[in-house]
Amino acid sequence: MGKRYDQVINPATEEIIHRAPAGTAEDVDIAVKAARRAFDIDGWPQKTGSQRADYLRAIAEGIRTRQQELAHLEVLDNGKPFPEAAWDVADAAGCFDFYAGLAEQLDNNPQEPIALSDSRFTSKAVKEPIGVAGAIIPWNYPLLMAAWKVAPALAAGCTIVLKPAELTSLTALELGAIADEAKLPPGVLNIVTGSGSVVGQALIDHQSVDKLAFTGSGPVGSKIMAAASRDIKRISLELGGKSPFVVFEDADIEQAVEWIMFGIFWNQGQVCSATSRVLVQEGIYDRLLHRLIEETKRITIGNGLDEGILLGPLVSKRQHEQVIAAIEAAKMAGATVACGGRRPEGFEKGYYLEPTVLTGVPLDSDAWREEIFGPVVCIRPFSDENEAIELANDSRFGLAAAVMSKDEVRAERVAAAFRAGIVWINCSQPTFTEAPWGGYKQSGIGRELGRWGLDNYFETKQITRFTSNEPWGWYIK
């Protein structure tokens with residue numbers, strides 16, 4: 001790595017706790033060449049799915065063995081409460097196990113016969129790994145987002161260069177150590193830390209990278225898509241969201257408040273799929289808003305390593321300033337801060353912010369239409385189902401959406417009407433490795449997780465054979 005280092009800051013205390021190498025374009029080139037060699041020469045894609053599965057399971061076991069240590073490191077680096085971090089680490093291990101299972105299944109279905117209209121030919125479709133994948137991940141789920149990219153890529157037979165977010169690189173580096181302990185062959189997994197403008201750009205521009213996988217903001221995703229077009233790189237993009245949560249008046253108010261809070265305050269609201277636009281039917285709006293404010297004020301704020309904390313600090317000074325600015329802009333546009341919106345009392349240090357409920361948010365304001373990426377929820381009433389669907393879908397984003405109703409038929413009808421890639425009924429945010437993850441519209445391209453995540457890292461080849469004993473005879477009679 002290069003000789004420069006970036007400071008790692010604990011967002012709960014603003015103290016420097018570590019240094020991470022600030023990689024260079026040269027470092028990226030070395031990593032890509034190592035990945036290229038592992039793919040083209042050293043035989044990683046030629047290993048059976050079962051052989052690759054053994055490595056993936058060894059990595060999963062390495063993560064589980066160090067779960068408490070990794071969760072502690074995630075809290076120091078990211079700021080989230082320890083129970084959330086421990087859940088993330090467990091999910092990361094589970095992700096490697098899941099794709100180990102899919103890797104094994106590849107051995108049972110190496111090719112798909114194709115029925116042809118001409119009996120003189122046989123044909124088959126074969127899935128083959130794309131090659132070298134470049135993965136760029138965000139800071140909100142550092143280890144888990146790494147697992148979402150690395151596990152399916154390795155299962156498919158690709159090699160990978162991973163660039164973690166410069167704010168939260170520590171657990172990604174530990175993942176490299178765990179992979180080394182699992183005796184993963186050299187060059188299969190390469191990790192380069194550093195800034196997006198240097199390391200990320202070098203990875204995007206490198207002509208020996210066959211596929212780019214990115215999770216992050218829409219503007220950066222758009223730039224990656226444009227850059228990838230120069231070499232016709234394969235891409236998958238999981239981008240931002242401004243997800244709606246529609247609550248009908250037959251819903252249980254206590255359950256609705258619980259899921260509204262889980263949908264926006266988990267991980268400090270720093271979640272692409274956060275249901276940050278809440279639409280509540282007029283008949284229960286006032287009662288639900290009252291209970292939401294009551295419970296929001298009870299959320300315990302503090303250092304994620306302390307017992308009982310439900311809301312930690314935002315990840316960085318810049319993120320804290322941006323969320324505060326978004327709240328102020330909402331107020332200027334005419335919104336009312338029903339609760340929160342400030343640095344909590346007694347927290348002079350750390351990037352803390354009270355969980356915030358905004359009412360009366362204009363439909364054309366940035367607060368309603370743009371991703372804030374913090375613990376800020378906008379809530380407004382609606383009259384009927386048609387209005388709710390219209391308001392929910394009136395967004396350039398389409399990552400997720402949620403509906404709550406005791407009427408199962410209506411819930412299914414509304415779920416079908418949502419223009420979103422992920423829909424929750426009577427809940428918000430549960431995420432399962434087995435199910436596809438990704439969005440409509442400007443929320444991205446492609447799907448992660450499940451078998452769909454594995455398909456991201458394959459090309460499909462047609463192999464057709466002429467089997468007739470008779471000559472073709474078109475030119476030579």
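Guide: The largest pocket holds about 1,400 Å³ of space. This is a predicted model: local features need pLDDT of at least 70, side-chain atom pairs count only at pLDDT 80 or more, and totals for chains, interfaces and linings use all residues. Residues are numbered from 1 along each chain as its sequence is written, and side-chain values use heavy atoms, without hydrogens and water.

Visitor: What makes a space a pocket, and which residues lie nearest the centre of the largest pocket?

Guide: On a 1 Å grid over the protein atoms alone, a pocket is an open set of points with protein on both sides within 12 Å along at least five of seven lines; lining residues have an atom within 4 Å of a point. The volume is the space filled by probe spheres set on the points, which are joined across faces, edges and corners. The largest pocket has 45 lining residues, with Trp 139, Gly 216, Ser 217, Val 220 and Arg 318 nearest its centre. Helix H11 gives the largest share of the lining, eight residues.

Visitor: Why is Trp 474 called exposed?

Guide: Exposed means over 50% relative accessible area, buried under 20%, and partly exposed in between (1.4 Å probe, protein chains only). Trp 474 has 59%, so Trp 474 is exposed. Trp 474 is found in the segment after strand S20 (458-466).

Visitor: How do you know that Lys 163 and Glu 166 form a salt bridge?

Guide: A salt bridge needs a side-chain nitrogen of Lys or Arg within 4 Å of a carboxyl oxygen of Asp or Glu. For Lys 163 and Glu 166, the N to O distance is 3.3 Å, so the pair qualifies. Lys 163 is buried at 3%, whereas Glu 166 is partly exposed at 34%. The structure holds 27 salt bridges.

Visitor: Why is Arg 291 called buried, and what class does Glu 295 get?

Guide: Arg 291 has a relative accessible area of 18%, so Arg 291 is buried. Glu 295 has 22% and is therefore partly exposed. These two residues form a salt bridge, with their closest N and O atoms 2.9 Å apart. Both lie in helix H10 (residues 282-297), four residues apart, about one turn of the helix.

Visitor: What parts does the salt bridge of Arg 369 and Asp 394 tie together?

Guide: The side chains of Arg 369 and Asp 394 meet at 3.2 Å, N to O. Arg 369 lies in helix H12 and Asp 394 in the loop between helix H13 (385-393) and strand S15 (397-398), so the pair ties together parts 25 residues apart in sequence.

Technical notes
Helices (H or I, at least four residues) and strands (E, at least two) are DSSP runs, numbered from the N terminus. On a 1 Å grid over the protein atoms alone, a cavity is a set of points where a 1.4 Å probe fits but cannot get out, and a pocket is an open set with protein on both sides within 12 Å along at least five of seven lines; lining residues have an atom within 4 Å of a point.
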